[in-house]
Amino acid sequence: MNILITGGTGFLGSRLAKKLSGHNVKIIARGEQEGYLTKKELKKFKFESCDILKKRLLKEFLSRDLDLIIHCAARVDIRNNGRCPRGLIETNLISTVNLMETMVELGIKKLIFASSMTVYGIKNRIPVQEDGDLFPVHFYGNTKKWAEEAIASYAQKGLINALIVRYPG
């Protein structure tokens with residue numbers, strides 16, 4: 001299977017890349033220096049330093065032969081409670097829309113999106129129910145919620161098939 005992981009050198013993306021090493025795995029990330037993969041580990045994958053906010057560069061790296069995109073690229077800013085909302089919106093929402101637009105242009109159908117349990121906020125009971133109401137309290141959680149809504153819109157129109165996974169933290 002041909003798989004692309006965005007944010008593939010980050011905490012979650014790097015672990016997924018290692019687990020999927022039996023497949024043809026490509027990685028996009030802002031840079032290898034920020035990552036959790038050693039240079040030796042990184043050589044096992046096709047790596048491209050690419051900011052997915054730059055749609056032209058994204059389109060150059062993606063290819064029609066991709067079977068699946070796992071979108072892990074994100075900016076996390078919970079401690080600062082979104083003091084940089086533009087950066088959160090650009091990275092967590094606009095880059096997701098860029099990715100889906102490019103997927104549609106190239107005919108790539110399958111997407112797994114790494115969202116966050118922060119979309120539930122603190123008003124839900126414990127344990128959190130998957131279908132619980134969404135009340136994000138941080139700007140980060142809001143950007144993840146908005147990205148989920150954009151993905152759901154594309155999926156409802158039949159443009160992509162998507163799975164959204166809400167990881168803790």
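Predicted model: local features only at pLDDT ≥ 70, side-chain atom pairs only at ≥ 80, totals over all residues.
Numbering runs from 1 along each chain as its sequence is written, and side-chain values use heavy atoms, without hydrogens and water.

Now switch to cartoon. You'll see five helices and six strands, in the order β-α-β-α-β-α-β-α-β-α-β from the N terminus (DSSP runs: H or I of at least four residues for helices, E of at least two for strands, numbered from the N terminus).

Next, select phenylalanine 11 and tyrosine 36. Their ring centres sit 5.5 Å apart with the planes at 80 degrees, so this pair is edge-to-face (Phe, Tyr and Trp rings, the last by its six-membered ring, pair with centres within 6.5 Å; planes under 30 degrees apart are stacked, over 60 edge-to-face, the rest tilted). Phenylalanine 11 belongs to helix 1 (residues 11-19), and tyrosine 36 to the loop between strand 2 (24-29) and helix 2 (39-42), 25 residues away. Tyrosine 36 is partly exposed, at 45% relative accessibility.

Then hop over to phenylalanine 139 and tryptophan 146, another edge-to-face pair, 5.7 Å centre to centre and 90 degrees between the planes. Phenylalanine 139 is partly exposed at 24%, and tryptophan 146 is partly exposed at 30%. A search of the whole structure finds two aromatic pairs.

Definitions and conventions
Buried < 20%, exposed > 50% of the residue type's maximum accessible area, 1.4 Å probe, protein only.
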